[in-house]
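Here are a few friendly notes to read alongside the model. Please have the structure open as you go through the points.

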Amino acid sequence: MAGERPGPEVFPKVSYEWFASAASRDSQVPVGFVPLERVFGTSVRFSPGQKIHDVAAGTGRSLQYILTKVPPEIARTLKLVASEPSTENHEVLRRRAAFNVEIIEKDAVEAIAEVKNCDLIFFINAIHLLGDGDKVAAIRAAYDSLVPGGLFVVSSTFIKDGVPEEEKEFFDKWPFNTFKALGEFGENPREVIRRVRENKLIFWSSEQYQQAFEEAGFGVEMEMATMPCTLESIEGICHYSVWNGHTIPGVEAERAVDISLRGLHTTWEGMKRDKDYIVNRNTMVIVGRKPQLPAAA
Ligand SMILES: C[S@@+](CC[C@H](N)C(=O)[O-])C[C@H]1O[C@@H](n2cnc3c(N)ncnc32)[C@H](O)[C@@H]1O
C-alpha cells in the first residue's frame, strides 16, 4: 500500500558468518554497516564531483566503508569532509582516509550546519548518542546543508524498537547483570547509575526518526532489518569504548570491557543459551531526500 512502511524483515544478503566477522573485535567494524548494504546502489548513487560529509566519522571506518561503494574513477573527483569531535580519533582517521579529506573537529550539529552544499551527508551509527534537541537540530541542519535532491543517510542500531519481543528478557538482563558486575570489579554501581541518568541518553523509535525527518521537509525512505547477532558479535560490542562510555560511564576503559563481558556472559549462561544461539536485533537505516527545486515555468 502506498505510504505504508515495511516492517522489520530478515536482511537476506548477509550471512550469519559475515555478520559475526563484520562485528568482531578484530575487524572493529561497527554493526551498523551491515544494513547499510541495502541502500547503496539503490537510494544512494555516486556521481563525479559530489560533496560528501561523513558526520561523527570516528576513526574513519564508516568513510572507508562508504568509499568501497564508489567506483575509483568517481572516487578521485569527490570532495570529502569528515567531522569528529573526539581528537583522539583524528590520527587514525587521517591515516585511513585514502585521499584528501578535510577533517573537522566539531560536534554533529555544528559540523552539519557548517559544511554546506553537500550532495550526501552520512551519519552512521552515532545519532542515538545525541540528546533529543540535538537530534532534531542535526536533522534540520542536514536539510539546510544539502543541495536540492541531496540525501541524508542515517543508520542506528540503537533504536527503541530495536529489541524484538522474544529478546526483551535478554536485553533487560544484560544491563542488569552488567550493573551487578560493577561491584565485583570494585566500582560503585550507584555512582555509575547516577552518571548514566546524567547523560540522559534516550533512544528514539524508528517512527520518531521518520517524523522528525518529515517535519524537517525530507522525503523519507526507511529500511528496517533484523540482524542475527552471534555471541561473538555481541562480545565485540563490549569492547567498544564508546558503548561502554555510555552504558557504564566513568569506568576505566579496560575494566569497563571486563565488566561488560561479565554482564553478558552471566546473562547468556543464566538463560542457558549455548554458544551458537543467535540474538535478533532490529536496526534502522533512514534516507532523507531533500526535494528537487521545482522546474522553472
Ligand atoms: C560508534 S562510533 C561511529 C563512528 C563512525 N561513524 C563509524 O561508523 O565507524 C560513534 C562516534 O560518534 C562520536 N560522537 C559522540 N558524540 C557525538 C556528538 N555529539 N557529535 C558528533 N559525534 C559524536 C564519537 O566520538 C564516535 O566517534
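This is a predicted model: local features need pLDDT of at least 70, side-chain atom pairs count only at pLDDT 80 or more; totals for chains, interfaces and linings use all residues.

1. Is Lys-272 buried or exposed? Lys-272 has 7 C-beta neighbours inside 10 Å, so it counts as exposed. You will find Lys-272 in the loop between H13 and strand S8 (279–289). Its backbone deserves a look too: phi is positive, about 55 degrees, although Lys-272 is not a glycine.

2. Asn-117 is another residue to check. Its phi is near 55 degrees, a positive value in a residue other than glycine. Asn-117 sits in the loop between helix H6 (108–114) and strand S5 (118–124). Because 11 other C-beta atoms lie within 10 Å of Asn-117, this residue is exposed.

3. For the chain overall, the secondary structure comes to 13 helices and 8 strands. Of the 297 residues in the protein chain, 38% are buried. If you take the contacts with a separation of 6 or more, 79% of them are between residues 24 or more positions apart.

4. A helix pair I would like you to look at is H8 (residues 168–184) with H13 (residues 253–270). How do these two helices cross? Their axes come within 7 Å and cross at roughly 130 degrees. That angle is why H8 is described as oblique to H13. The crossing of H8 and H13 is right-handed.

5. Which residues make the contact between H8 and H13? On the H8 side they are Phe-170, Lys-173, Trp-174, Asn-177, Thr-178, Ala-181, Leu-182 and Glu-184. On the H13 side they are Ile-259, Ser-260, Arg-262, Gly-263, Leu-264, Thr-266, Thr-267 and Gly-270. By class, the residues of this contact divide into 6 nonpolar, 7 polar and 3 charged.

6. Last, the ligand. There are 19 residues around the ligand, and those that come nearest are Ala-56, Gly-58, Ser-62, Ala-108 and Ala-126. What classes of residue make up the shell around the ligand? The shell has 10 nonpolar, 6 polar and 3 charged residues.

Notes:
Residues are numbered from 1 along each chain as its sequence is written. A residue is near a molecule or strand if its C-beta atom, placed from the backbone, lies within 6 Å of it. Ala, Val, Leu, Ile, Met, Phe, Trp, Tyr, Cys and Pro count as nonpolar, Asp, Glu, Lys and Arg as charged, and the others, Gly among them, as polar. Axes are lines fitted to C-alpha atoms, for helices over the stretch in contact, and angles run from 0 to 180 degrees between N-to-C directions. Helices (H or I, at least four residues) and strands (E, at least two) are DSSP runs, numbered from the N terminus. Angles under 35 degrees count as roughly parallel, over 145 as roughly antiparallel, 65 to 115 as roughly perpendicular and the rest as oblique. A crossing is left-handed if the near helix is turned anticlockwise from the far one by less than a right angle, and right-handed if clockwise. Two residues are in contact if their C-beta atoms, placed from the backbone, lie within 7 Å. A residue is buried if 20 or more other C-beta atoms lie within 10 Å of its own, exposed if 12 or fewer, and partly exposed in between; C-beta atoms are placed from the backbone.
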